[in-house]
Amino acid sequence: MDYYYSFKQYLKRLHHQQVWRIPLSTGYPCPNRIDGKSGCTFCDGSSFIAPYIREGADLETQIRKGIEFFGKKFKADLFYGYFQENSSTFGPLDILEGLYRIALEEERIAGLIISTRPDQVDARISAKIADLAREYGKPAWIELGLQSVHDVTLQRVNRNHTYADFRRAARDVKEAGLLLGIHMILGLPGETPHMMEESVGRLVGENRIDGIKFRLLDVIPGTPIADEYARVPEDFHHFTMEGYIGLICNLLELLPPDCVILRSFDYNPACNLFKEGEVQLSKDDLLRHVRYEFDRRGSRQGIRWSR
Ligand code: SF4
């Protein structure tokens with residue numbers, strides 16, 4: 001293992017070749033945006049949609065176009081179907097099963113990642129997905145958006161679920177025998193770096209997880225959080241680049257050594273959570289600095305992990 005266990009390493013170990021994720025959509029809306037709900041304050045609902053999904057293509061077409069596009073771009077011929085848009089376990093179970101089957105039938109799709117909310121996962125859907133994964137002999141990940149273990153933060157960003165909801169969903173996923181990945185956001189309003197570390201410490205101390213994704217909050221113009229940012233910028237932690245690199249290393253140290261880092265710590269360069277005048281780094285430079293910092297500390301992922 002390197003300083004941390006990347007998804008790239010994990011996939012190469014499992015499939016002996018590079019594997020790329022192709023974004024897919026079930027076509028169902030986000031349950032946090034219907035029935036009068038206004039959605040998470042940081043989400044603009046469109047920033048993570050592949051063009052072929054935006055065009056409303058059916059799933060077969062999405063798979064074909066995704067394979068064509070990513071196959072050409074990365075010279076790849078093996079993929080994971082990544083149901084990424086909205087909450088991909090939301091909808092009638094028989095229809096969802098049909099959609100997951102379409103993806104699993106494609107021989108160039110070696111596994112599934114199904115992204116969703118904690119309140120959209122229960123024992124029934126977890127068992128169904130686990131059965132399909134076994135039937136096709138392909139791994140299936142459930143990627144649960146948690147963002148923070150702090151209920152005060154979850155409420156502030158209008159997640160409409162609690163950490164307790166997440167714990168129940170995480171248990172259902174693991175009891176079914178599925179792989180569990182978590183999405184966390186760094187820099188949510190009201191949170192200090194200490195609270196972000198506390199989130200990760202509790203997450204891995206109190207739940208069994210297989211992978212994690214960190215994303216620095218993107219204050220997207222037009223979203224409710226952008227208004228909040230304009231009103232109370234002092235409620236948002238502003239990082240120095242050195243502080244951000246230090247935080248990344250601290251979080252990696254807290255994780256289990258075999259927890260897969262599903263996405264590196266890149267951020268949108270337009271993100272305004274860095275202090276004024278801070279030089280922003282490219283993804284490669286950021287990772288290089290994380291390595292320097294681990295070298296300096298004589299440390300790596302997992303060194304402070306305990307349960
Ligand atoms: S972040 Fe996810 S749950 Fe929240 S509004 Fe956006 S799609 Fe819905």
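In which hand, right or left, does α3 pass α4? Before I answer, please keep in mind that what we are looking at is a predicted model. In that model α3 passes α4 in a right-handed crossing. The two elements are helix α3, residues 59-74, and helix α4, residues 93-105, and their axes come within 10 Å and cross at roughly 30°. Because that angle falls under 35 degrees, α3 counts as roughly parallel to α4. On the α3 side the contact is made by Leu 59, Glu 60 and Ile 63, and on the α4 side by Leu 99, Ile 102 and Ala 103. Sorted by class, the contact of α3 with α4 has five nonpolar residues, one charged residue and no polar ones.

Let me turn to two loop residues. Ser 148 sits in the loop between β4 (140-147) and α6 (151-156), and with 0% relative accessibility Ser 148 counts as buried. Its side chain is joined to that of Glu 191 by a polar contact of 2.6 Å, and, if we set aside residues up to four places away in sequence, Ser 148 also touches Thr 153, Leu 154, Met 184, Leu 188 and Ser 199.

The other residue is Phe 42, in the loop between β1 (20-24) and α2 (51-54); at 12% relative accessibility, Phe 42 counts as buried. Leaving out neighbours within four places in sequence, the contacts of Phe 42 include Gln 147, Val 157, Arg 159, Ile 185 and Leu 188, and also Leu 217, Asp 218 and Ile 220. Finally, Phe 42 and Gly 222 are 180 residues apart along the chain, while their C-alpha atoms are separated by 9.6 Å.

Key
Residues are numbered from 1 along each chain as its sequence is written. This is a predicted model: local features need pLDDT of at least 70, side-chain atom pairs count only at pLDDT 80 or more; totals for chains, interfaces and linings use all residues. Side-chain values use heavy atoms; hydrogens and water are left out. Axes are lines fitted to C-alpha atoms, for helices over the stretch in contact, and angles run from 0 to 180 degrees between N-to-C directions. Helices (H or I, at least four residues) and strands (E, at least two) are DSSP runs, numbered from the N terminus. Angles under 35 degrees count as roughly parallel, over 145 as roughly antiparallel, 65 to 115 as roughly perpendicular and the rest as oblique. A crossing is left-handed if the near helix is turned anticlockwise from the far one by less than a right angle, and right-handed if clockwise. Contact means heavy atoms within 4.5 Å. Ala, Val, Leu, Ile, Met, Phe, Trp, Tyr, Cys and Pro count as nonpolar, Asp, Glu, Lys and Arg as charged, and the others, Gly among them, as polar. Buried means under 20% relative accessible area, exposed over 50%, partly exposed in between (1.4 Å probe, protein chains only). A polar contact is a pair of N or O atoms within 3.5 Å; within protein, one must be able to donate a hydrogen and the other to accept it, and residues adjacent in sequence count only if both atoms are side-chain atoms.
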